[in-house]
Amino acid sequence: MTKISILEQLKQADAEGYAIPHFNYSDIWDMTAIVRAAEEMHSPVMLAGVPKVTNALTMDTVAAMAHSLADNAKVPVYLHLDHSTDPQICKDACDHHFDTVMIDGSKESLERNIEMTADVVSYAHPRGIFVEGEIGKIKGNTEESQYANGDFLVQVPDAVKLVQSTGVDILAVGIGTAHGFYQGKPEINFQRLAEVNEALSIPLVLHGGSGINNQCILDGIVNGIAKINVGTEIRQTYERTLGETNDVEKARAAVYTRTCEIIRSF
């Protein structure tokens, strides 16, 4: 199907007050369930793999699966590389025609983050591929981050400098969200998000979307969030159902149902 670019989708979402759903997949089974849910909800969707998954399946396989699904889907489907800390992996994804790649230099110094992001942007843009960067830190304990209560909050001048110095298209911001399920009520700094949104004109991304309530989603969207990432909730729905039933079709059905619910909330 003919589709507009993901950057246009994100700008449209920002202007009209909703968020593009981004879901992390583990394999072809949950990937197909996510696409079927997006079709049911008449929603564009981003299929995202972290380097651990793309390495395990191989970039060739991931690209072939996702591009085949996108070519045959009734809604726009975009392929995204999530949370790569290695510019070379981002470039490999560009060579496999991903729609977007994320270079995560958030654990580096601002200067190194800018250097890494600019490197990926200079490779991706001539190939028609958009780049997501990150500033501040997403809390949690995953392969991408090892942050708890500390210096995670995005600083507005740093965000402005990163965007102006690199030409990055999309920006993930550290405002208190976390990877994985939340322990207690999420403490998200929407005031800081509003300040970043006021200072920048590019779409902003909320990582750590598993388990946040509808009010947090709405507050994020009002303050510039155009994409919300969900990973843990999809993976655990898939793994739990598969473990309970030993039936991949039931697991896929469970992912489909939960994905529909999440898309509706966005």
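Author: A salt bridge is a side-chain nitrogen of Lys or Arg within 4 Å of a carboxyl oxygen of Asp or Glu. By that rule the structure, a predicted model, holds 8 salt bridges.

Reader: What makes Asp95 and Arg127 a salt bridge?

Author: Their side chains meet at 3.9 Å, N to O. The cut-off is 4 Å, so the pair counts. In general, side chains of opposite charge can pair when their charged atoms come close.

Reader: Which parts of the chain does the pair of Asp95 and Arg127 tie together?

Author: Asp95 belongs to helix H5, while Arg127 sits in the loop between H6 and strand S5 (130–135); the pair therefore links parts that are 32 residues apart in sequence.

Reader: Why is H5 called roughly parallel to H6?

Author: Helix H5 (residues 87–95) packs with helix H6 (residues 110–124) at an angle of about 15°, their axes being 10 Å apart. Angles under 35 degrees count as roughly parallel, so H5 and H6 qualify. Their crossing is right-handed. On the H5 side the contact uses Pro87, Cys90, Lys91, Cys94 and Asp95; on the H6 side, Met116, Asp119, Val120, Tyr123 and Ala124. By class there are 7 nonpolar, no polar and 3 charged residues in the contact of H5 with H6.

Reader: Which residues of H2 and H11 meet?

Author: Among them are Trp29, Ala33 and Arg36 in H2, and Val248, Arg252 and Tyr256 in H11. The residues of this contact comprise 11 nonpolar, 2 polar and 5 charged.

Reader: What makes H10 roughly antiparallel to H11?

Author: Helix H10 (residues 232–245) and H11 pack at an angle of about 150°, and their axes are 8 Å apart. The cut-off is over 145 degrees, so the term applies. H10 passes H11 in a right-handed crossing. The residues making the contact include Glu233, Ile234 and Tyr238 of H10 and Val248, Ala251 and Arg258 of H11. They divide into 8 nonpolar, 4 polar and 3 charged.

Reader: How do you know that strands S9 and S10 pair?

Author: Strand S9 (residues 204–206) and strand S10 (residues 225–230) share 3 bridges in the parallel sense. At least two bridges are needed, so S9 and S10 count as paired. For Leu206, the bridge partner in S10 is Ile228.

Reader: In what order do the strands close into a barrel?

Author: The 8 strands follow the order S1-S2-S3-S4-S5-S8-S9-S10, with parallel pairing. On average, neighbouring strands of this sheet are turned by 25° against each other, direction ignored. Helix H4 (residues 59–72) packs on the sheet and touches strand S2 (45–49) and strand S3 (77–84). The direction of H4 makes about 150° with that of S3.

Definitions and conventions:
Residues numbered from 1 in each chain as written. Predicted model: local features only at pLDDT ≥ 70, side-chain atom pairs only at ≥ 80, totals over all residues. Heavy atoms only, no water. Helix = DSSP H or I, 4+ residues; strand = E, 2+ residues; numbered from the N terminus. Axes fitted to C-alpha atoms, helices over the stretch in contact; angles between N-to-C directions. Contact = heavy atoms within 4.5 Å. Nonpolar A, V, L, I, M, F, W, Y, C, P; charged D, E, K, R; others polar. Parallel < 35°, antiparallel > 145°, perpendicular 65-115°, else oblique. Left-handed = near helix turned anticlockwise from the far one by under 90°.
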